[in-house]
Amino acid sequence: MENQEGKQQPHLILANKLFLLTHPDVDDIEKVRLRDEVYNAVVSDDMAPLYETLIANGVLNLDQKVLDSMRAKIDEELKQLDEKIADAEENLGESEVREAHLAKSLFYIRISDKEKALEQLKVTESKTVAVGQKMDLVFHTLQIGFFYMDFDLISKSIDKAKNLFEEGGDWERKNRLKVYEGLFCMSTRNFKKAANLFLDSISTFTTYELFTYDTFIFYTVLTSIISLDRVSLKQKVVDAPEILAVIGKIPFLSEFLNSLYDCQYKSFFSAFAGLTEYIKLDRYLYPHFRYYMREVRSVVYSQFLESYKSVTIEAMAKAFGVTVDFIDLELSRFIAAGKLHCKIDKVAGVLETNRPDAKNALYQATIKQGDFLLNRIQKLSRVIDL
């Protein structure tokens, strides 16, 4: 279970296959292949606890002989691991005792026994002195969290890792933690923070146990587009050499990014349509699919309207390569939700922008806060008078 550079964690590959196996947009023939691959992975690593869960959920069928065989192997291996721990405690030093406990932790992770794995990791931590080794245990816990999409466990583990870094810790592990935290933020719809963390890690990425570098760039571009202003997007993403090196390998992504920046809206919509299929099939982005679709459209419509005081609906529809009715319906929804600052003159067929003045907004906010402060002072003075 120790990670090699460039190799994704087998458990996270399995988690993605399980996600696709229950996905409504994956066809039945593909699901047959995925079911076989999941079954083979479960049996090869003796994942009896996961096998029982998948049987209960109707994902896999029960084969009692296979289950009994897995349980027997688990009991035998646990017996050997306990013997090694006992031997280390009696005859060897502290580091050997820690390694024996770590081996048992990794075994529980391998067979996907979540509760026992977390419990054994705590025991291993109690035998660990070095901050770096404690951090590695936190990374194992984070991987368990991402396998089960247990956001409470992930959040607590990230906080724990940050506290450990206050005691010390190397830059390599700090940079790895940024990617873990970025993935957590993206999975919990905090796209702005995720984009900043991913961008900070582009030149130092070594977190291959989570996903490939291509996937990392895919997430970085998607989160940046709805989080960064136009100038920052150009500096940090469009012209970034690390992104330019691999963006061409990812279908539709280069056209998606560059057509937005170059204001080629028809090409942007075409690339966006192709890219949505990849977003739908991503286990971290799928729960936020509809939200992300809205945010991207909000960004691109705002960018288009930024150049105009008024523009005909027909001209906008032509620029995006869609019908007038589609644009009319889209804009009315975004205007009602407060995402776009414009109004539709249906009779004249014109859009009139009414962008709020930043200075006026600041003035209004100051007055509002001032009124609130005066009210608080008055209430306090009454209490003092009493």
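Analyst: Val-311 is buried, with a relative accessible area of 8%; buried means under 20% relative accessible area, exposed means over 50%, and partly exposed lies in between, with a 1.4 Å probe and protein chains only. The model is predicted, so local features need pLDDT of at least 70 and side-chain atom pairs count only at pLDDT 80 or more, while totals for chains, interfaces and linings use all residues. Residues are numbered from 1 along each chain as its sequence is written, and side-chain values use heavy atoms, with hydrogens and water left out.

Val-311 sits in strand 1, which covers residues 310-312. Helices (H or I, at least four residues) and strands (E, at least two) are DSSP runs, numbered from the N terminus. Leaving aside residues up to four places away in sequence, Val-311 touches Phe-304, Leu-305, Val-350 and Leu-351; a contact means heavy atoms within 4.5 Å. Thr-223 is 88 residues from Val-311 in sequence, and their C-alpha atoms are 29 Å apart in space.

With residues up to four places away in sequence not counted, Ser-112 touches His-11, Met-47, Pro-49, Leu-50 and Tyr-148.

Val-231 gives a contrast in exposure. This valine lies in helix 12, residues 230-238, and is exposed because its relative accessible area is 54%. From Val-231 to Asn-375 there are 144 residues in sequence and 41 Å in space, C-alpha to C-alpha.

Two loop residues are partly exposed. Arg-189 counts as such because its relative accessibility is 37%; its loop joins helix 9 (171-187) and helix 10 (191-201). Arg-189 is not a glycine, yet it has a positive phi of about 70°. Cys-263 is partly exposed at a relative accessible area of 35%, in the loop between helix 14 (253-261) and helix 15 (265-280). Cys-263 has a positive phi of about 60°, although it is not a glycine either.

Now the whole chain. The protein has 19 helices and three strands, and strand 1 with Val-311 is one of these strands. Buried residues, Val-311 among them, make up 44% of the 386 residues. Of the contacts between residues at least 6 apart in sequence, 59% join residues at least 24 apart.

The radius of gyration is 27 Å, whereas a compact globule of 386 residues would have one near 21 Å. This radius is taken over C-alpha atoms, and the globule rule is 2.2 Å times the number of residues to the power 0.38. Along the principal axes, the C-alpha atoms fill a box of roughly 85 × 75 × 45 Å.

One annotated span remains. The unreviewed UniProt entry marks residues 67-98 as "coiled-coil region"; UniProt positions follow the numbering used here, feature names are shortened, and annotations may be inferred rather than shown by experiment. In the model, residues 67-98 are 94% helix and 0% strand, and the end C-alpha atoms of the span lie 31 Å apart.
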